[in-house]
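Okay, everyone, thanks for coming. Have a look at the model on the screen, and I'll talk you through it.

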Amino acid sequence: MTPTRQVPRIVLGSTSRYRAELLRRLLADFEQAAPGTDETPLPDETPAARALRLAIAKATAVAHEYTGALVIGSDQVAELDGLILDKPGTAERARAQLAASSGREVHFHTALCLLDTRNGRRHTHVDQTRVRFRTLDAAEIARYVEREQPLDCAGSFKCEGLGISLFEAIDNRDPSALIGLPLIALARLLREAGMALP
């Protein structure tokens, strides 16, 4: 008889409901933990490097509290011509971000870190998505922000909702990356760590 392999605990190092909803596409059973990571940018740090550093930091912060677990950290940085578009926090800032993005291309760097606390191995991936915005007028922007309230989203939109109407095109390898967790890469890393998917 073949011994049953013990399935490790899966911990998402994030309290984001968007990332949790995405992870539920792959796994029914996982835990969430707040990493409490300082997200202050470092001098001369590229957006992709910032996303990767923070994904690793989130996984590492949570991993200290879990043994025998696979810990997932992820971070996304939105970039418009080298300028980072953080979560707006207010409707005014969301409108300003969308006005700046109107008719332009915004790059989203979504980083992933899978940390296996059973052996200390760390696997990482960075996905890049290019979003081309339509030319948006002030009334469209105001209606969108009022209806969807994307105040906790980098770039000030929810592509899984009405935000899709703001775009001309999305160019990426993994549609889930734009929402905040690149599932194609995560599924590969989980399989490499011994998880049976699907």
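This is a predicted model: local features need pLDDT of at least 70, side-chain atom pairs count only at pLDDT 80 or more; totals for chains, interfaces and linings use all residues.

Residues are numbered from 1 along each chain as its sequence is written, and side-chain values use heavy atoms, with hydrogens and water left out.

So, the cores. By nonpolar core I mean a set of buried Ala, Val, Leu, Ile, Met, Phe, Trp, Tyr and Cys residues joined through side-chain atoms within 4.5 Å. Buried is under 20% relative accessible area, exposed is over 50%, and partly exposed is in between, using a 1.4 Å probe and protein chains only. The largest core has 43 residues, and Ile-72, Phe-133, Phe-157 and Leu-190 have the most contacts inside it. Helix α6, residues 183–192, gives the most to this core, with six residues. Helices (H or I, at least four residues) and strands (E, at least two) are DSSP runs, by the way, numbered from the N terminus. There's also a second, separate core of 15 residues, including Val-11 and Tyr-66.

Back to Phe-133. Setting aside residues up to four places away in sequence, Phe-133 touches, among others, Leu-98, Ser-101, Gly-103 and Phe-157. Contact here means heavy atoms within 4.5 Å.

Now helix α3, residues 91–101. Which of its residues are buried? Ala-94, Gln-97, Leu-98 and Ser-101 are. Looking down the axis of α3, the buried residues fall within an arc of 95 degrees, so they line one face of the helix; that arc is taken from the directions from the helix axis to the C-beta atoms. Just after α3, Gly-103 has a positive phi of about 70 degrees.

On to the strands. Two strands pair if DSSP finds at least two bridges between them. β1 (9–12) and β3 (69–80) pair in the parallel sense over four bridges, with Ile-10 opposite Leu-70 in β3. Two bridges join β1 to β2 (31–32), also running parallel, and Leu-12 has Gln-32 as its bridge partner in β2.

Last stop, Thr-15, in the loop between β1 and α1. Buried or exposed? Thr-15 counts as exposed, at 60% relative accessibility. Beyond its neighbours within four places in sequence, Thr-15 contacts Gln-32, Ala-33 and Ala-34. The C-alpha atoms of Thr-15 and Gln-32 are separated by 6.2 Å, with the two residues 17 apart along the chain.
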